[in-house]
Amino acid sequence: MQYCEANFDGLVGPTHNYAGLSFGNVASFSNANAVSNPKEAAKQGLQKMKALADMGMVQGVLAPQERPDVAMLRRLGFTGSDAKVLEQAAQQAREVFLACCSASSMWTANAATVSPSADTADGRVHFTPANLTNKFHRSLEPQVTGNILKATFANSRHFAHHTHLPDNDHFGDEGAANHTRLCSAYGHAGVEVFVYGRHAFRHDLPKPVKYPARQTFEACQAVARLHGLDDDSVVYVQQNPDVIDQGVFHNDVIAVGNQNVLFYHQLAFHNTQAVLDEIRRKFGDNPLHFIEVKSDEVGLTDAIKTYLFNTQLLTLPDGNMTIIAPTECQENSTVANYLAELTTRDTPIKSVNYFDVKQSMRNGGGPACLRLRVALTDNELAAVNPNTIMNDTLFSKLNSWVDKHYRDRLTEHDLRDPQLLIESRAALDELTQLLRLGSVYPFQQG
Ligand SMILES: NCCC[C@H](NC(=O)CCC(=O)O)C(=O)O
């Protein structure tokens with residue numbers, strides 16, 4: 001049997017904007033109110049997807065969500081026509097209105113946690129959408145995310161879809177951004193590493209003081225239980241609370257793993273040595289590479305600014321690994337030099353490819369935030385909705401779709417425009433036909 005790791009990237013939605021919604025995410029806060037370009041953002045994402053498909057990777061697309069979320073605004077007491085709801089909300093509750101306009105579903109590393117069939121008790125691929133409770137704008141996502149995942153991985157023999165965890169801070173779950181799987185080959189049972197920021201029920205244990213810890217230990221345990229993972233193949237790791245307080249709001253801002261490589265910053269974890277020992281013990285005898293970046297090689301500030309660790313670490317068809325990095329890494333000489341030197345070392349990482357995803361970076365989302373990894377066997381891949389897999393035809397169709405529907409400039413004022421809602425729904429309706437997803441959006445369900 002053949003195995004692969006597919007990357008499913010989130011398509012940037014037509015309302016991509018900068019609203020400063022994510023306290024603790026430095027880029028989001030510092031770009032609040034900047035003018036966005038949804039068309040460019042969507043195209044930057046498509047370019048990355050196409051380039052990975054051209055490298056021989058299996059690349060999929062996950063549809064964006066319906067925004068503004070008029071249904072949520074109605075639930076919060078705004079009434080009348082859609083236009084009236086938008087106008088009242090924008091005037092009376094600006095922050096709530098902006099939260100209901102965010103295109104944040106584009107960061108599909110936060111869509112769900114995925115466990116491949118090689119790790120699960122029933123031999124199916126398991127998906128749990130993340131509840132994203134810590135930020136109101138992101139807590140709007142899990143229901144429709146679940147719909148989109150079910151329409152993309154629509155085969156109950158191979159794919160198990162769980163309901164997101166309870167919508168409560170005690171079970172705060174940010175999905176795959178805090179989950180890494182290490183394995184000797186994608187089809188072999190691996191070690192699933194869950195990273196949390198705090199314990200929900202224990203107040204005596206360390207936690208950040210300035211910024212929120214979005215993910216809890218209890219959420220990680222619940223997902224591992226739902227997926228039927230074996231305790232001997234799971235490691236729970238606490239993120240270093242100090243780095244959360246410096247702007248590392250997800251683990252994938254400070255560490256990334258692939259197969260037998262864990263690439264991380266010296267300050268990433270609490271009790272690092274114990275973490276590494278447990279991973280090594282559970283991983284077994286096969287070779288395992290811990291690539292630790294020391295603070296005197298790349299300081300935390302540079303790592304956060306350039307998103308050195310929010311890179312995709314991919315195994316190419318020739319067996320070598322490559323790093324997919326944002327151009328911010330190339331523009332910083334310390335980081336660029338580090339990466340150049342890394343490819344000469346005796347590790348599986350042999351090359352670096354840089355991509356311009358600046359529209360996403362300004363909201364704190366790098367290449368790794370934009371993708372959800374799904375390791376699949378050939379049979380499972382054959383059961384994935386084929387219309388969501390990137391190739392020349394889909395690339396050209398999606399580019400034309402973006403050209404037809406997306407604006408190239410969006411300000412806060414534009415978000416109030418009822419015409420934008422009409423345009424966005426028309427775009428998404430067409431997209432669901434293009435990707436053959438069925439009716440996944442509230443506006444399609446009457
Ligand atoms: N994995 C990357 C996620 C980035 C995301 N940013 C945002 O939602 C910013 C939205 C805004 O500020 O307009 C977040 O913080 O969860």
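Predicted model: local features only at pLDDT ≥ 70, side-chain atom pairs only at ≥ 80, totals over all residues.
In which strand is the place of Gln312? Gln312 sits in strand S12, residues 312-315. Residues are numbered from 1 along each chain as its sequence is written.

**View A. Gln312 and its surroundings.**
Gln312 counts as buried because it has 26 C-beta neighbours inside 10 Å (buried means 20 or more other C-beta atoms within 10 Å of the residue's own, exposed 12 or fewer, and partly exposed in between, with C-beta atoms placed from the backbone). Leaving out residues up to four places away in sequence, Gln312 touches Asn7, Ile324, Pro367, Ala368 and Arg371 (contact means that C-beta atoms, placed from the backbone, lie within 7 Å). Lys294 is 18 residues away from Gln312 in sequence, and their C-alpha atoms are 20 Å apart in space. Strands here are DSSP runs of E with at least two residues, helices are runs of H or I with at least four, and both are numbered from the N terminus.

**View B. Strand S1 and its two partners.**
Strand S1 (residues 3-10) runs antiparallel to strand S15 (residues 371-377), joined by 7 bridges; two strands pair if DSSP finds at least two bridges between them. Here Asp9 stands opposite Arg371 of S15. With strand S2 (residues 58-62), S1 pairs in the parallel sense over 5 bridges. Look for Ala6, whose bridge partner in S2 is Val58.

**View C. An open sheet of S9, S10 and S11.**
These 3 strands form an open sheet in the order S9-S10-S11, with mixed pairing. Strand S9 (255-258) and strand S11 (289-293) are the edge strands, each pairing on one side only. On average, neighbouring strands of this sheet are turned by 10° against each other, direction ignored (axes are lines fitted to C-alpha atoms, for helices over the stretch in contact, and angles run from 0 to 180 degrees between N-to-C directions). Strand S10 (residues 261-265) and S11 run parallel and are joined by 5 bridges, and Leu262 has Phe290 in S11 as its bridge partner.

**View D. The buried face of helix H8.**
In helix H8 (residues 217-226), the buried residues are Phe217, Ala219, Cys220, Val223 and Ala224. Seen down the axis of H8, they fall within an arc of 165°, so they line one face of the helix (the arc is that of the directions from the helix axis to the C-beta atoms). Their cover includes strands S3 (112-115), S4 (125-129), S7 (191-196) and S8 (234-238). Just after H8 comes Gly228, with a positive phi of about 70°.

The axes of helix H2 (residues 38-54) and H16 come within 10 Å and cross at roughly 175°, which makes H2 roughly antiparallel to H16 (under 35 degrees counts as roughly parallel, over 145 as roughly antiparallel, 65 to 115 as roughly perpendicular, and the rest as oblique). Lys39, Ala42, Lys43, Leu46 and Lys50 of H2 meet Phe395, Leu398, Asn399 and Val402 of H16. Helix H16 (residues 392-405) and helix H18 (residues 418-434) have axes that come within 10 Å and cross at roughly 165°. Lys397, Trp401 and His405 of H16 meet residues of H18, among them Glu423, Ala426 and Leu434.

Notes
Contact = placed C-beta atoms within 7 Å.
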